[in-house]
Amino acid sequence: MTPRPVFFRKLSNHLLNLLALGSICAALGGMGWILCTVIQKGAPVLSWEFLTAPSKPYGEPGAGVGNALLGTLLMTLGATLLAVPPALAGGIYLAEFGKNSRLADLLRFCANVLMGLPSILVGLFVYAMLVVTTGHFSGMAGTVALAIIMFPVIMRTTEDMLLMVPDALRESALALGMSRMRATLCIVARSARNGLATGILLSLARVSGETAPLLFTALFADTWPGGFFTEPTASAPVLITEYTTNSPFESMHAMGWGTALIMAAFILIINIATRCIFHENKH
Amino acid sequence: MHKRDTIFCAICKAGAFVSLLLMVGIFAQLLIHSADAWKHFGISFLWGVDWDPAMDIYGALPSILGTLFSTVLSLALAIPLAFAVALLITESPEWLKRPLSQCVDLLAAIPSVIYGMWGLFVLVPLMQDYVQPFLADTLGIIHLPGGAWLLGEDGVGSGFGFLTAGVILALMILPYMSAVMRDVFRMTPPVLRESAYGLGCTRLETTRDIVLRYGIRGIIGGIFIGMGRALGETMAVLFVIGNMMECPAGLFSCGSTIATTLANNFAEATGLQQSALFALGLVLLLMSFSIQLITRYYLALTSTRRGENA
């Protein structure tokens with residue numbers, strides 16, 4: 001074996017350390033830079049009127065983004081209501097009943113594929129399902145699209161969280177004469193409830209920022225969300241897209257930044273808060 | 001089993017079946033709605049280069065190549081970054097591990113539309129004024145043989161284009177990849193690593209010869225996860241890629257990906273164009289599906305291995 005000079009071994013090792021340090025600086029620096037830009041450009045436009053007035057075409061005074069924020073809130077909450085019950089049931093099936101059967105493996109695989117699916121394809125699917133058949137773009141279609149994105153994420157986290165519950169707990173519940181249903185709902189799901197809540201909240205935060213599936217389902221409108229089932233509904237991410245790509249005006253860009261700031265704050269607060277709370281409870 | 005249990009199990013099963021239904025439904029809907037395009041253009045739709053709504057001629061090649069090119073670029077940038085980040089996090093002291101990994105995870109939480117906006121207003125001017133002139137003239141890549149081909153026709157960019165999209169995508173897929181790699185690194189039995197250090201290996205040698213070999217399949221799985229993300233990302237790319245229906249001609253050239261073509265044209269499209277867009281969607285679905293298959297294969301390999309060691 002040929003000897004390797006210590007100098008070069010040490011040198012390459014130092015280079016690796018440097019690369020690692022540089023990479024984490026690039027990653028965190030990139031995030032910091034993005035957040036700083038959003039705060040710096042978004043903060044000046046924030047005002048009560050900005051938050052509560054509906055959006056208006058360029059040039060009209062008193063414009064805000066209230067309708068888009070309300071639309072996003074409605075669609076996200078609607079999607080959560082739609083997605084959570086079947087997703088929890090599905091997760092319970094995978095963890096408690098299906099286990100490693102071939103059927104469960106197939107369903108698990110489907111959920112994984114759905115999780116990795118580009119969100120714009122979900123938009124296409126919902127367009128074909130709901131917009132073509134009902135004949136109009138609607139907030140409802142957007143809600144369904146967001147629910148489809150949430151569903152596999154919650155289903156898989158539910159399964160993972162239930163699997164983390166020790167089997168002894170299940171066995172003691174069953175030994176006390178409980179039915180599987182009671183044992184699952186009252187004992188297993190209860191001891192995993194922090195994890196379940198985290199999963200639901202994180203996926204809620206994620207879909208509230210989704211844009212692509214809303215582009216051809218909910219579309220955009222300068223009105224308050226009125227006809228949820230029949231009319232296009234405004235949402236914050238689509239508003240940002242409209243105001244930054246389709247408009248040459250500085251004031252509209254500024255409003256886009258303001259909306260981005262509100263969205264980023266909302267999403268980061270949910271993320272950080274759930275992580276902290278869950279972390280504390282785990283110990 | 002109680003009678004109630006049977007019902008409960010059936011309800012849960014129904015919930016789980018929604019995933020199968022959705023997947024089959026998406027495949028079926030895209031197939032049905034793209035039938036016209038396949039009938040009209042046949043399989044040659046895949047390598048048609050024209051996209052001309054006025055003449056009603058549509059070809060998928062520019063979008064497909066654009067998707068592949070931006071994905072490859074972002075992976076080339078993100079793989080070393082994600083690897084180094086994962087390495088640093090696993091090797092850092094206990095109290096620093098958690099905050100660091102959570103911060104990196106937060107990168108994944110920022111909505112893609114904010115990435116896109118930042119890219120459009122901050123990164124694009126930066127690329128135009130500094131990075132592109134630096135690469136082309138200061139480093140002189142443009143004068144090297146093949147340099148003009150690499151950078152695009154004349155080597156001066158508008159700031160938009162594939163390189164900008166690649167940089168943003170790299171930042172977006174980094175947390176997903178480094179999370180998987182982190183798990184793989186943690187999986188390496190400490191005994192193996194400690195023995196390597198005991199023999200006098202440096203950190204680089206331990207990583208290269210022990211950790212990497214032990215977890216190579218998991219790392220490949222992580223790379224494919226990032227690839228799946230980069231393939232289908234719409235908004236961030238839409239803002240910075242320039243949106244031209246042309247085949248990629250270099251790092252600084254503008255183009256489009258399948259996802260951005262869909263986002264740009266779908267709302268106004270009717271008839272054959274809409275069908276062609278559905279066909280593009282089907283192509284993207286097949287790409288992301290096959291990547292998922294590969295990912296699952298590699299990650300399943302590592303998890304059986306983990307099972308053996310547990």
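The model holds three cavities of 30 Å³ or more. A cavity is a set of points, on a 1 Å grid over the protein atoms alone, where a 1.4 Å probe fits but cannot get out, and its lining residues have an atom within 4 Å of a point. Grid points are joined across faces, edges and corners, and a volume is the space filled by probe spheres set on the points. The model is predicted: local features need pLDDT of at least 70 and side-chain atom pairs count only at pLDDT 80 or more, while totals for chains, interfaces and linings use all residues. Residues are numbered from 1 along each chain as its sequence is written, chains are lettered from A in the order in which they are written, and side-chain values use heavy atoms, with hydrogens and water left out.

**Largest cavity**

- Its volume is about 400 Å³.
- Of its 29 lining residues, Arg206(A), Glu210(A), Tyr176(B), Arg229(B) and Glu233(B) are the closest to the centre.
- At least two lining residues come from each of α4 (102-116) and α9 (193-208) of chain A, and from each of α3 (94-109), α4 (112-138), α6 (162-187) and α8 (203-232) of chain B; helices are DSSP runs (H or I, at least four residues), numbered from the N terminus.
- The lining comprises 18 nonpolar, seven polar and four charged residues, where Ala, Val, Leu, Ile, Met, Phe, Trp, Tyr, Cys and Pro count as nonpolar, Asp, Glu, Lys and Arg as charged, and the others, Gly among them, as polar.

**Second largest cavity**

- This cavity holds about 70 Å³ of space, and its lining includes Leu114(A), Met115(A), Pro152(A) and Arg206(A).
- α6(A) gives the most to this lining, with four residues.
- The lining divides into eight nonpolar residues, one polar and one charged.

**Interface of chain B and chain A**

- In chain B, 79 residues are in contact (heavy atoms within 4.5 Å) with 79 residues of chain A.
- The buried area, which is the accessible area (1.4 Å probe) lost by the two parts on being put together and summed over both, is about 7,200 Å², with 80% of it from carbon and sulfur atoms.
- Phe8(B), Met117(B) and Trp118(B) supply 9% of the area that chain B buries against chain A, more than any other three residues.
- Two salt bridges (a side-chain nitrogen of Lys or Arg within 4 Å of a carboxyl oxygen of Asp or Glu) are counted between the chains.
- A salt bridge joins the side chains of Arg9(A) and Glu205(B), at 2.7 Å from N to O.

Terms used. 1 Å grid on protein atoms, 1.4 Å probe; cavity = no way out; pocket = protein on both sides within 12 Å on 5 of 7 lines; lining within 4 Å.
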